[in-house]
Amino acid sequence: MEEIISQIFQVGFFAAIIRIATPFVFATIGELFAERSGVLNLGIEGIMMFGAMTGFSTAYFTSSLWLGILAAMLTGMLMAALMGFLTVSLGLSQHVSGIGITMLSTGFAFFFYRLIFGQPSTLPNIKAFTPVGIPVLKDIPWIGPVLFEQTTLTYLAFAVVPLAAFLLYKTPWGLNLRTVGENPHAADSAGVSVSAMRYQGLIISGALMGIAGAFLVMVQFNAFTFGVISGRGWICIALVVFGQWGPWKSAAGALLFAMIDALQLRLQASSIIDLPYQVFLMMPFVLTIVTMMLVSRNARAPSALLIPFRKEER
Amino acid sequence: MSNPDYLLSMQGICKSFGAIQANNNVDLNLSEGDILGLLGENGAGKTTLMNILFGTYQADEGKIMIQGRQITIHSTADALGFGIGMVHQHFHLVHRHTVLENLLVGEPGRMGRLDFSGARRRLLEIGEQFGLTLNPDARVSELTIGEQQRLEIIKALFGDSKILILDEPTAVLTPNESTGLFEALRALAEGGLGIIFISHKLHEVRNVTNRVLVMRAGSVSALVEDTKEVTESDLARLMCGHELNPPKKNTSKLGDTFLSLSAIKTGGSTPQKLKGINLSVQGGEILGIAGVSGNGQKELADVIAGVLSHTEGTIEVKGEIISKASPRLMQKLKIGRIPEDRMTTGLVTSLPLYVSMVLPWIRRSIFSRFGILRKNEILSFTSKMIKRFTIQATGPEVKTGTLSGGNLQKVLLARELAFEPEVLLASQPTRGLDVAAAEFVHRQFLSLREKGAAIILISEDLEELFALSDRIVVMYEGRIAGETKINDASVEDIGLLMAGATFGA
């Protein structure tokens, strides 16, 4: 037992948690903006995939990782705007539209990848982001290497959390967004445009989801594969519920999930516990379901989530 | 007629929806300090007129002037900008937000941040000026209905409204809360606001307004320049076009106890809504159940109808204890039900009228045999009922949802009365109905009572309860807070009980 602990709980393990959590933080906070405005964005999985693909391709051809991030962001915003057209302007079912957006975006991602790269025998790759140590802070023993020797994107992800909390709870824009998600009629009668707020919530969500997808191909891996997202988007939907629609708690959920993921990776690599590796792969998902059962029983979604707004109806 | 002294002047407003002329050449003038009653039955065009003023619809013709200046209102935001505030019948509040947050929705903020301290100051000012106070940090879900309405009014004042529209504001209030509202409105009028008070409750209009505009079928049918000069029956005649003819209550002989509940509780995995209910009702009696909605009336009705099972206590029907109530058993025991929400629980709006009409009786051998519907019998039954209850429908095959509210209520009534129930359980049977339709329902109840049936009438309309009931009980937080014979009852006492007061305390 001691052997396991000493093998696993090293600085590298904790640094890995932070790194693994990064895309979850981006996408979960993104999903949160959409849901607080009253739209469940189930396009998340596909938008992350499409963002990963455009981000990778742009970085591959321009050799600029930041241009890749920009491309991923724009891709996400575009697909989210399409989601907005379906659910906000046309008032269609958010479930069906979201799944449609996921399938469409995933299809686009695979199609354009094949169109651009064909079927190469070796995977095209890029030079991934490298960790940037923050002077002074990185020299703090233990904490330094865990928190302050990450990539710029990770720092950005963890800056997004307080920023989201500030926007949602301290600014008129955030109050209007939350009001639209709770009682759109109240917002409308106060002169706030419900559809404008929902489009904005969605487009922010798309931008963050795009970045999350790009992170996976630019930091975690340095190539694009068809399995690059593999359910991470769906996990973020659960993390928003876990976080009870609050940015801090959702980010905490992302960290918890990342910890379990990092743990299973270590357990897989170590030969201490002799089980088929699929069992380890399953762990984060099983634990997600268990924690969801424990935590989300008293979670209350935004009241107007999933309900299209039509002005004349009450 | 463009008097610049008017705070608001709407002239020659016309609006039609397809072939229906909702507003036909309507004039409305409002001065500072006015409380103008806008009176009319459902469909008279009051709501359309106010929606035009509040920017929800555009008028086809006519002009709107504020302090002599002609304006066009394209949206709600425009209306707010011109100082027009509206208190909707269904509150537009966010339950999860605090009072301050609700006030700040749509406000610009200070330096990009929400101006909580400014809002707090403004709320205090409004409290001092008009006597409207609220705890700024309370969540709306913690407020009573009366307080929520106060918040709606404060919200309008917060946006510096000069004109305040209230749409049936007393529909959800207890009598005491209504009195409080009227006082607040008078204070606001004294402070220079112009108030439009929409209602079809005549005594309230008489009580609180100084001028009344009466609408009928889309046009102005009368303008009363001084409310004190008219009586309630004058207003009724102007509104309906004929005298009111409230049904007479004859004495009836009390029969056996048909239904009695003792110590009924609900709960289990759901929040406990009934905390020990004792009541019984005899044949030939109307038992009125008063109370602010949400105090367990819905659950009580569900228990009696067999939809919700109770966890403790006993139900007896004609002396026999019912161990396992179910909707089908209660139907068999001749307990009829008119549910609170006719559109969802009561009828199937997307199916033809004949389906809605026979739905509870579909297993009866006259309507089905060997599991196959006997459509001819069903159709002829439906036609008979349409005639007997003068339901405005083109035929039994018409889609249920196309009927008006009053006619849908008649369908429910016809369906329950057709097989002569011994107990009729009616929840809010006249909510949203106009005067004539409500009178029709009341007359049916009284004739059923004379035939010896027991009626349980759950209503928030005290006038209705006092006109029909033989006994009134008040529900408060899942318990019976008090019971009185109708002859000993006073509106004030009932109002106090509804607000949670206890006698002798």
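Okay, let's start with one residue: Arg364(B) counts as partly exposed, because it has 13 C-beta neighbours inside 10 Å. For reference, a residue needs 20 or more such neighbours to be called buried, and 12 or fewer to be called exposed. Before I go on, please keep in mind that this is a predicted model. Where does Arg364(B) sit? You'll find Arg364(B) in the loop between helix 12 (353–358) and strand 17 (368–369) of chain B. If you want a landmark, take Ile20(B): the C-alpha atoms of Arg364(B) and Ile20(B) are separated by 41 Å, and along the chain the two are 344 residues apart.

Ile20(B) brings me to the next stop, a sheet in chain B. Strand 2 of chain B covers residues 20–30, and it belongs to an open sheet of 4 strands with the order 2-1-4-5 and antiparallel pairing. Strand 2 and strand 5 (69–71) of chain B are at the edges with a single partner strand each, so one side of each has no neighbour in the sheet. On average, and ignoring direction, neighbouring strands here are turned by 30° against each other. Let's look at one pair. Strand 4 (residues 61–66) of chain B and strand 5 of chain B run antiparallel over 3 bridges, and across that pairing Met65(B) stands opposite Gln70(B).

Now on to another sheet, also in chain B. This open one has 6 strands in the order 6-7-8-3-9-10, and its pairing is mixed. Which strands are at the edges? Those are strand 6 (84–87) and strand 10 (219–224) of chain B, each pairing on one side only. From one strand to the next, the twist averages 20°.

Let me stay with strand 6 of chain B for a moment. Its partner is strand 7 (residues 163–167) of chain B, in the parallel sense over 4 bridges. Looking at opposite residues, Met86(B) faces Ile165(B), and the bridge partner of Ile84(B) is Ile163(B). Helix 5 (residues 145–158) of chain B packs on this sheet and touches strands 6 and 7 of chain B, with its direction at about 170° to that of strand 6 of chain B. As a reminder, side chains in a regular strand alternate between the two faces of the sheet. In strand 6 of chain B, Ile84(B) and Met86(B) point one way, Gly85(B) and Val87(B) point the other way, and all are buried. Elsewhere on the sheet, helix 8 (residues 232–240) of chain B lies across strand 3 (35–39), strand 9 (211–216) and strand 10 of chain B, and it runs at about 35° to strand 9 of chain B.

Next, strand 19 of chain B. Is it enclosed or open? Well, 5 of the 5 residues of this strand (residues 423–427) are buried, so the rest of the structure largely encloses it. Both faces are covered: Val423(B), Leu425(B) and Ser427(B) are buried on one side, and Leu424(B) and Ala426(B) on the other. Strand 19 of chain B pairs in the parallel sense with strand 16 (residues 335–338) of chain B over 4 bridges, and Ile338(B) stands opposite Ala426(B) there. It also pairs with strand 20 (residues 454–458) of chain B, again parallel, over 5 bridges; here Leu424(B) is opposite Ile455(B). To get from strand 19 to strand 20 of chain B, the chain goes through helix 15 (residues 435–450) of chain B, and this β-α-β crossover is right-handed.

Over to chain A for a helix pair. Helix 7 (residues 152–170) and helix 8 (residues 172–182) of chain A pack at about 75°, with their axes 5 Å apart. That angle makes the two helices of chain A roughly perpendicular. From helix 7 of chain A, the contact uses Leu167(A), Leu168(A), Tyr169(A) and Lys170(A), and from helix 8 of chain A it uses Trp173(A), Gly174(A), Leu177(A) and Arg178(A). By class, that is 5 nonpolar, 1 polar and 2 charged residues.

Last stop: where the chains meet. The contact takes 21 residues from chain B and 18 residues from chain A. On the chain B side, helix 2 (76–81) and helix 3 (99–104) each supply at least two residues, and helix 2 of chain B gives the most, with 3 residues. By class, the side of chain B that touches chain A has 9 nonpolar, 8 polar and 4 charged residues. That's my tour, thanks!

Key. Residues numbered from 1 in each chain as written. Chains lettered and ligands numbered in written order. Predicted model: local features only at pLDDT ≥ 70, side-chain atom pairs only at ≥ 80, totals over all residues. Axes fitted to C-alpha atoms, helices over the stretch in contact; angles between N-to-C directions. Parallel < 35°, antiparallel > 145°, perpendicular 65-115°, else oblique. Contact = placed C-beta atoms within 7 Å. Nonpolar A, V, L, I, M, F, W, Y, C, P; charged D, E, K, R; others polar. Pairing = 2+ DSSP bridges. Right-handed = clockwise from strand over helix to strand, strands pointing away.
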